[in-house]
Amino acid sequence: RKFTRCRTALYTSQRPSACKGAVGGPDSVSPRRCKCQIVVEMPDLCGEPSPDYRRAMRLCLFEPEIAGNVGAVMRLGACMGVPVDLIEPMGFEWDDRRVRRTAMDYVDHVDVARHPSFQAFREATPGRLILFTTKGNASPYEFIFLPDDILLFGKESGGVPPEVAGASDARLRIPIRADVRSFNLATSAALALGEALRQTGGLPE
């Protein structure tokens, strides 16, 4: 089924002057007011979104290919109270039983929005876009996150295309040993979100 949920949010940030000039610091973005409507498609796989979602930070997956990874990220979003955006096309049917097998009953506690394209996603979802990529030029542990950041992760087989990378406000690389290639998508999301919420005081109590 489809429904429209209207959200109005005031984005503000209090950033210490000591952070000025740091990666992602106060000179990289300014407070802004946003008013938008988001059209969300929620089939039987997900129930109504949890009413206690109070943070503006979001997780976004660009054209994910593996149902199990999406299920794991949905469970992560449910546990941390962070909405999840999925940019289509995806590499599996949305009602794929593998999504539910991984996410289990946590799917009833996560706010999921599906978008037909990257452009549609950006039109519906404003905010600073932070891309996590093996080609990143900074570490998330040296970056200053904001409470309304959108954490973006590319598809498992090839990341994001150049135009999406170019539209990102920052590109971060999670530190990893030189003799291995990359983290699993869901593992990367957990590491990134944990650090971003820790910095911004958004971890669940």
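**Group meeting: a first walk through the predicted chain**

Let me begin with the cysteines: if a disulfide is taken as a pair of cysteine sulfur atoms within 2.5 Å, the count comes to 0 disulfides. Cys60 has 0% relative accessibility and therefore counts as buried, whereas Cys79, at 44%, counts as partly exposed; here buried means under 20% relative accessible area, exposed over 50%, and partly exposed in between, with a 1.4 Å probe and protein chains only.

Residues are numbered from 1 along each chain as its sequence is written, and side-chain values use heavy atoms, with hydrogens and water left out.

Turning to the overall layout, the chain has 5 helices and 8 strands, these being DSSP runs numbered from the N terminus, helices of H or I with at least four residues and strands of E with at least two. From the N terminus, the order is β-β-β-α-β-α-β-α-β-β-α-β-α, and of the 205 residues, 48% count as buried.

As one example, which residues does Thr125 touch, leaving aside its neighbours within four places in sequence? Thr125, in the loop between α3 (118-124) and β6 (129-132), is in contact with Arg58, Asp85, His115 and Ile150, where contact means heavy atoms within 4.5 Å. Thr125 is buried, with a relative accessible area of 3%.

Finally, Leu191 sits in helix α5 (residues 185-200) and, at 33% relative accessibility, counts as partly exposed.

Conventions: Predicted model: local features only at pLDDT ≥ 70, side-chain atom pairs only at ≥ 80, totals over all residues.
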